[in-house]
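Hi there,

Here is the structure I promised to pass on to you. Have a look at it first, and my notes on what I found follow below.

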Amino acid sequence: MLRKSLAAAALGAALMPAAVTAQELTVVSFGGSYQAAQSKALFQPAAAALGIKLKEETYTGIADLRLKVKAGAVTWDVVASGSGSAARAGAEGILEKLDYKVIDTSSFLPGLWQDHCVGGDVFSTVLAWNTKTYGDKGPQSWADFWDVKKFPGKRSYRNAVAGSLEPALMADGVPPEKVYEVLSAPGGIERAIKKIKELKPHVAVWWSSGAQHAQLMKDGEVDMVNGWNGRFDVVAKDGGKVAYTFNQALLDYDCYAIAKGAPNRDLAMKFLAEISKPQYQAEFTKYITYGPTNRKAYDLGTIDAAYAKRLPSHPDNAARQLPVNLQWYIQNEAKAAAAYQNMLTE
Amino acid sequence: MARGASLPITIRQVTKGYGKVLALDRVDLDVRSGEFLTLLGPSGSGKTTLLMVLAGFTRPDHGSLLFGEEEVIRRPPHKRDVGMVFQNYALFPHMDVAANIAFPLKLRGTPRADVARRVEQALELVQLGGYGARRVDQLSGGQRQRVALARAIVFEPRILLMDEPLSALDKQLREHMQIELRRLHDRLGMTTVYVTHDQREALTMSDRIAVINGGRIMQVDAPRPLYERPANRFVAEFIGESTFLPVAASAGGFAHAGRVLKVAAPPAATGRCLLMLRPERLRILAAPDDALNMLTARVEDVVYQGDSVLVQAVLPDGCRIGVRAVSTAAAMATVARPGDTVTLGLAPEDTVILGEG
Amino acid sequence: MPAERANADGLRRDALRERLALFGLGSPALLLVLVVMVLPVGWLFSLSFLSDEGALSLEHYRRMLEQPSYARIFVTTFQVSALTTGICIALGYPLAYVLSQLPRRAANLCMIGVLLPFWTSLLVRTYAWLVLLQRQGVINGWGIELGLWSEPLPLVHNLAGTLIGMVHIMLPFLILPLYGTMRAIDRDYVKAAANLGAGPVRAFWQVFFPLSLPGLFGGALIVFILCLGFYVTPAVLGGGRVIMVSNRIATDIELFFNWGAASALGVVLLVLTLGLLYAAARLVRLDGVLGGHGT
């Protein structure tokens, strides 16, 4: 252990000859149970393996990073982020380009890394329902979600545009593989918004956070919701009457990036390489039902087979889902968000 | 302003207790129609409580209160139709002077034109003609007092209550207002009940004074008999200065230090009694005078007080008494000095003997 | 000659020194106001006029004009604030009145009750309302159990829930200044009104009520302005249907990564609030509201 640490330290020193004391890496994430899982499964073990000191901070989102970069006062190295936010932040130039010669993504599931960020976990925006209301005959598609005659009950839907338009189009009869095509075409966004307006009278709550939609299901406040799969597993584990399907779910991932001008850029790159290894990824699934981005994590045998089948990135599940198209979001999110907010306030 | 009718007030057995303390203890009092009656007493005596019972703000435990022939003890304040001047005037700060005075008239549905006329009349009556548009906070203390009075009389109540209305004014203004209030009363003729703790004010203004202490009426009388023939030691002490010497009943009357006292009228009291000595009724005699009751005393101190000079002296039995003399230049030239032994004279008419207690 | 003006210079210096000492006492507060108020507001103001690239631009304001949702959010914000203020007045005025008529000791005790909510965090209280009001919450549970109603009433995740939560939080802010003003109203005024012939109702409306107005305006203004900036309560109890400016600011920061857009919203809200304050000040004498109009 000591030898390994010394070696890592020596390596670090060789990489950054000017910063002899800079063996402390600062990682920032969203806090809460999510960051607790990251810390236990990824950050702390990786830091120990590299023999470096680690400082963890929390932030509210990329807007915070933007301020720091603009002010030239970047103190963070590694930044945890949603894939969409990272893509836009990368395009804006407030993230470092990642060096995939250092970070090995050869065994990653396709599409789970990008120029400025490397995937850390895979999650799904799924259709969840109250099993007390619908028993085992729950809704199985977004068309069912929209069908208030066949499935009477209160809905909850996201109060932001991300992941909200795709289900509407699928409910409107667009096949999953055509969703982004339709959305990119003129009138596509309007078509989705119009479909959501149809459902609006039945939406009791427009949720704003994962914690909120989990609580809504736990309390039985609504009967059906679109939301993040990991949260519902936690609710079900606590005895909540909730089930969900990966059918027509939206496959998305959280990722890690390096802040533009990070004080320890090269060390951060090593750190990202470390946490992208399959053993870390497998460990992470023990804390939350978000899947590994590295396919090899399933081959290690440390993830229970039955459990693995419940993870979003399991091949059986991934096949039934629509991967989120980040490119579309980079180009259209601002415009779509304006239309969505307009719909909400109408 | 038309001379309004006035009503007599009959108070019977009015009692008000606060916990174990009786603020009013079976009070009986008759206020004659058109009379200026003052309730006089120390603070906490119950005089203000009695006034508040008259106004309807304090609900007594039991008793009867008649305005004229009418029982009003259970009538709420706004239906009693009595005028009242509050100690702090209670002029409405959000209204100007005219609106304050018009307030009771408007409540009584007086026609608009009459309101303006009567407000101006009332203002003139209190010598504030033309002050209608002033804000209340632009007025001096004396002016506020007059406005409060105007507001209390503008609706021609047959009974007027005043709760120490002059206590906030300085001495000169107060004395001026005492005369003015009394004159106004004489002009309007409404039955007036006036509360004060200032005995001089009570003596100056009242037709009669009711002295109250401990929730009970001690004496009701016109100023002069009240001062000169107080019913008991409390009244005597509360009104004017006085010293008391124990006297014993003897064959020929009452005696002090072995000498029988000459009195103008035989006292009602019997047994152990007190001789009341008022400083201004005693005189230092140049030579003994057998027509007077005489006391020998040793002068301790001489205090010059401007309008008079107070000689403090000690009787042989150790009693300390005061003698007030005029402060004319002639008198000052011959006034006694500390250490002198003097003979004091008291006329039989001024010799008052009270029952002890 | 010098004797006539003996010590004049020294005395003047003493007076000056006293004034400086007074200013010295006030300077920490002035500095604080400068640092925590003026600077951030100035920074906010300047950010709102910068584009994403840092150039001078009105794009954030243009966006607010172009997208109808912004105008609706401002309308909602002012509506919710006005409704909250109105309900606070309807509930708080009688309560403050009763308190002001109680003996001081009893009133102080009741006041502790009024202020009790201040001792728990706003977030806790807001979530407590969620627990009480939701579909399977305490109130609906009891109501249905007792047969008062059969279907769960929509008490939360809507305007009603938001108003309940906001009124609960805001009520003390109305009652405190109002109670102070009412307490200071000399009881003799009402007695005088009664003595002059006004029954209880007229004495109240013609004398007590006008005299309590400075406190009412002060309290209402505090409540209204605090409501304008509310975030947590509409976010938790509004179900995403009551979107106020603060909620939109949070969404915009997430969406645009950008403080400029949010700053512009903040600036507009500030300007509208100041405008309102100015209008209110012209309507009522502001010194009466802010300075405690003496009697």
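Let me begin with chain C, whose domain assignment gives domain 1 (1-48) and domain 2 (67-291); such bounds come from an automatic or database domain assignment. The centres of domain 1 of chain C and domain 2 of chain C, taken over C-alpha atoms, are separated by 37 Å. Four residues from domain 1 of chain C and six residues from domain 2 of chain C make up the contact, where two residues are in contact if their C-beta atoms, placed from the backbone, lie within 7 Å. On the side of domain 1 of chain C that touches domain 2 of chain C, the classes are three nonpolar, one polar and no charged residues. For these classes, Ala, Val, Leu, Ile, Met, Phe, Trp, Tyr, Cys and Pro count as nonpolar, Asp, Glu, Lys and Arg as charged, and the others, Gly among them, as polar.

A word on the source before going further. This is a predicted model, in which local features need pLDDT of at least 70 and side-chain atom pairs count only at pLDDT 80 or more, while totals for chains, interfaces and linings use all residues. Residues are numbered from 1 along each chain as its sequence is written, and chains are lettered from A and ligands numbered from 1 in the order in which they are written.

Chain C as a whole

Chain C has 13 helices and zero strands. Helices (H or I, at least four residues) and strands (E, at least two) are DSSP runs, numbered from the N terminus. The C-alpha trace of chain C spans about 95 × 70 × 35 Å along its principal axes. Its radius of gyration is 25 Å, whereas a compact globule of 295 residues would have one near 19 Å; the radius is taken over C-alpha atoms, and the globule rule is 2.2 Å times the number of residues to the power 0.38. In chain C, 36% of the 295 residues count as buried, that is, with 20 or more other C-beta atoms within 10 Å of their own, the C-beta atoms being placed from the backbone. Of the contacts in chain C between residues at least 6 apart in sequence, 72% join residues at least 24 apart.

One helix pair in chain C

How do helix α1 (residues 8-48) of chain C and helix α12 (residues 259-283) of chain C pack, and at what angle? Their axes are 7 Å apart and the angle is about 115 degrees. Here axes are lines fitted to C-alpha atoms, for helices over the stretch in contact, and angles run from 0 to 180 degrees between N-to-C directions. From α1(C), the residues C:Leu44, C:Phe45, C:Leu47 and C:Ser48 take part, and they meet a set in α12(C) that includes C:Trp259, C:Gly260 and C:Val267. This contact of α1(C) with α12(C) has six nonpolar, four polar and no charged residues.

Chain A

Chain A has 17 helices and ten strands.

Two domains are assigned in chain A: domain 1 (2-122 + 253-318) and domain 2 (125-251 + 323-345). Their C-alpha centres lie 29 Å apart. Between them, 14 residues of domain 1 of chain A are in contact with ten residues of domain 2 of chain A. On the domain 1 side, α4 (83-92) and α16 (315-318) of chain A are the elements that give two or more residues, and α4(A) gives the most, with five residues. That side divides into seven nonpolar, six polar and one charged.

Where the chains meet

Chain A puts 23 residues in contact with 22 residues of chain C. On the chain A side, α3 (62-70), β7 (203-207) and α17 (326-345) give two or more residues each, and α17(A) has the largest share, seven residues. By class, this side has 13 nonpolar, seven polar and three charged residues.

Chain C also touches chain B, with 16 residues of chain C in contact with 16 residues of chain B. Both α8 (187-195) and α9 (200-228) of chain C supply at least two residues of the chain C side, with the largest share, six residues, coming from α8(C). That side has eight nonpolar, four polar and four charged residues.

Best wishes

Technical notes: A residue is buried if 20 or more other C-beta atoms lie within 10 Å of its own, exposed if 12 or fewer, and partly exposed in between; C-beta atoms are placed from the backbone.
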